[in-house]
Amino acid sequence: MDLHEFLTPPAETARRKGPHDRIVMSSRVRLARNIKNAAFPGWAKKPERIKVLESIRPAVETLPEMAEAFSQSMDNLTALEKQILVERHLISREHAAKSAGSGLVLNRDETLCVMINEEDHMRMQALKPGLQLRQVWAAIDHVDSELEKKLEYAFSPELGYLTACPTNIGTGIRVSAMLHLPGLVLSEQINPIIQSVNKLGLAVRGLYGEGTEALGNVFQVSNQMTLGEAETAIVERLEKVLAQIIEHEENGRAMLLEKKPKTVYNHIGRAYGILANAHSISSKETMNLLSLMRLGMDLGLFPDVDRSLVDELFIMTQPAHLQKQHSEKLSAEERDLLRADMLRERLKQVSRPVSKPAAETGGGLDKPDK
Amino acid sequence: MLCSICKEREATVHLTQIAGDKMQKVDLCEECAKTKGVNDPTGFSLADLLLGLGASQEIEQSSGGVEIKCARCGFTQADFKKAGRLGCPECYKTFAEGLEGLLKSMHKGTRHVGKVPESLRQTRDLSDRLVGLQKKLNKAIEDENFEQAAQLRDQIKQMSAQLGNIAAC
């Protein structure tokens, strides 16, 4: 099956709703699992990797959750297709670099995804929009319990699930949330927040995970330790920290509006001005400006537009998604021109930001229960 | 010129790297160049290569010249230094001693807490109960309560069979 036909159009994914989704863009839990008596993918020779792939893939494909799934060996995907999957946060950048002997199984509604022979034999993940950590844990826990009936895992009673990297041993779990934090960035509180989150043993990363920068004020917060703490305890700990970050972000926004409204309106107005009028724009600049427009929408400065427009453009303006719409290979410069064309066209229908938010939507805070 | 790693074969790959105002040179034979990943220019830095050389020497010294190697997959401690990842699940036993401190420093605990595969949990529960029954049986025999002992013996038999079945599948 063709990946492009399979994937949900960005306009539709952008409309998916979840609790607290104005700050928490998505929740994710991934589990690392390995097969007993087989070398880890990084050390296994190609024939062994292929053998492992061939034993895991049918086990995953036949799960009821994977009915009508997209299942493919990585060597059958083009570089463009892999990049699109990365931009959709469905596979890691590391997995995109894989070829023969690695594979991918993605369920119909793109909420479950199993990477086969990434760093571990299996990296399975569940994703949902908004703050839904318990739900994604329950979903992936179930998939894992089904798979352990069919596959013999490498497991030790003392060390738990054995993983290629000692940093993932034990539960093999990474619980993470993708957060949009323009308020903390603009009010310059982000660094102390990151530091205190780090002190709690949690990692803060950029948009595409490990070793990436926080484009568009988007940060990923996740657990680091996997041994000596149960899955549910990790989920609960992260939930508590996220509730606090959400509160700080909302307070940051409220404080900015109260103390420096002109600065906020200036940032948002300029962002809109450039996005709606540029003739050449990089993907990095686009993301940073779209982030400000998204903030503007949360603050009620664009009363006639739905936020899903910005979320859709967030996906559509990324390099591989842009390339996909054009048959000829584009250079970076050409992409910048076409990106600007698309933005001007899509923002034509959006009136410039009002300078005073509408009473009922403006400044309405969305604080989670603690 | 001989290869600077194995010092056996003729060096055919000559590398020069200029970092700042310092120039470093390394001469390698084709085989060593391949194992060090030198033909892959993206993931290669001369500094890493030189550092890697030093690190593996250190391990050899610390283990009295005998390098520990995983019997299952052939992975060595030097490979771990280089990759930061292990070769196979069995490596956790092979390198248990060296890993202990590492795991302690990076995790909350050193023992797994949390999910256990169902089949193992069943086995564990059963073997725990078996141990209990065996104790009761011993007590019953001691007390010359043979009727109870016979019952217990049958229960133990049944449970052992169950345990055998689980282990077999």
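Predicted model: local features only at pLDDT ≥ 70, side-chain atom pairs only at ≥ 80, totals over all residues.
Residues are numbered from 1 along each chain as its sequence is written, and chains are lettered from A and ligands numbered from 1 in the order in which they are written.

**View 1. Chain B.** Chain B has 7 helices and 2 strands (DSSP runs numbered from the N terminus: H or I of at least four residues for helices, E of at least two for strands). Of its 169 residues, 18% are buried (20 or more other C-beta atoms within 10 Å of the residue's own, with C-beta atoms placed from the backbone). Among contacts in chain B between residues at least 6 apart in sequence, 26% link residues at least 24 apart; a contact requires C-beta atoms, placed from the backbone, within 7 Å.

**View 2. Helix H12 of chain A.** H12(A), residues 308-316, is mostly covered, with 7 of its 9 residues buried. These are A:Leu309, A:Val310, A:Asp311, A:Glu312, A:Leu313, A:Phe314 and A:Met316. They pack against H2 (10-13), H11 (283-298), H13 (319-324) and H14 (332-347) of chain A.

View 3. Beyond its neighbours within four places in sequence, A:Met293 contacts A:Ile268, A:Ala271, A:Tyr272, A:Leu275 and A:Val310.

**View 4. Contact between chains A and B.** Chain A gives 32 residues to the contact and chain B gives 26. On the side of chain A, helix H6 (133-150) and strand S6 (155-156) each supply at least two residues. The residues on that side comprise 16 nonpolar, 10 polar and 6 charged (nonpolar: Ala, Val, Leu, Ile, Met, Phe, Trp, Tyr, Cys and Pro; charged: Asp, Glu, Lys and Arg; polar: the others, Gly among them).

**View 5. Helices H10 and H14 of chain A.** H10(A), residues 261-277, packs on H14(A) at an angle of about 110°, with the axes 6 Å apart (axes are lines fitted to C-alpha atoms over the stretch in contact, and angles run from 0 to 180 degrees between N-to-C directions). H10(A) is therefore roughly perpendicular to H14(A), a class spanning 65 to 115 degrees. A:Leu275, A:Ala276 and A:Asn277 of H10(A) meet A:Leu343, A:Arg344 and A:Leu347 of H14(A).

How values were computed. Buried ≥ 20, exposed ≤ 12 C-beta atoms within 10 Å, placed from the backbone. Contact = placed C-beta atoms within 7 Å. Parallel < 35°, antiparallel > 145°, perpendicular 65-115°, else oblique.
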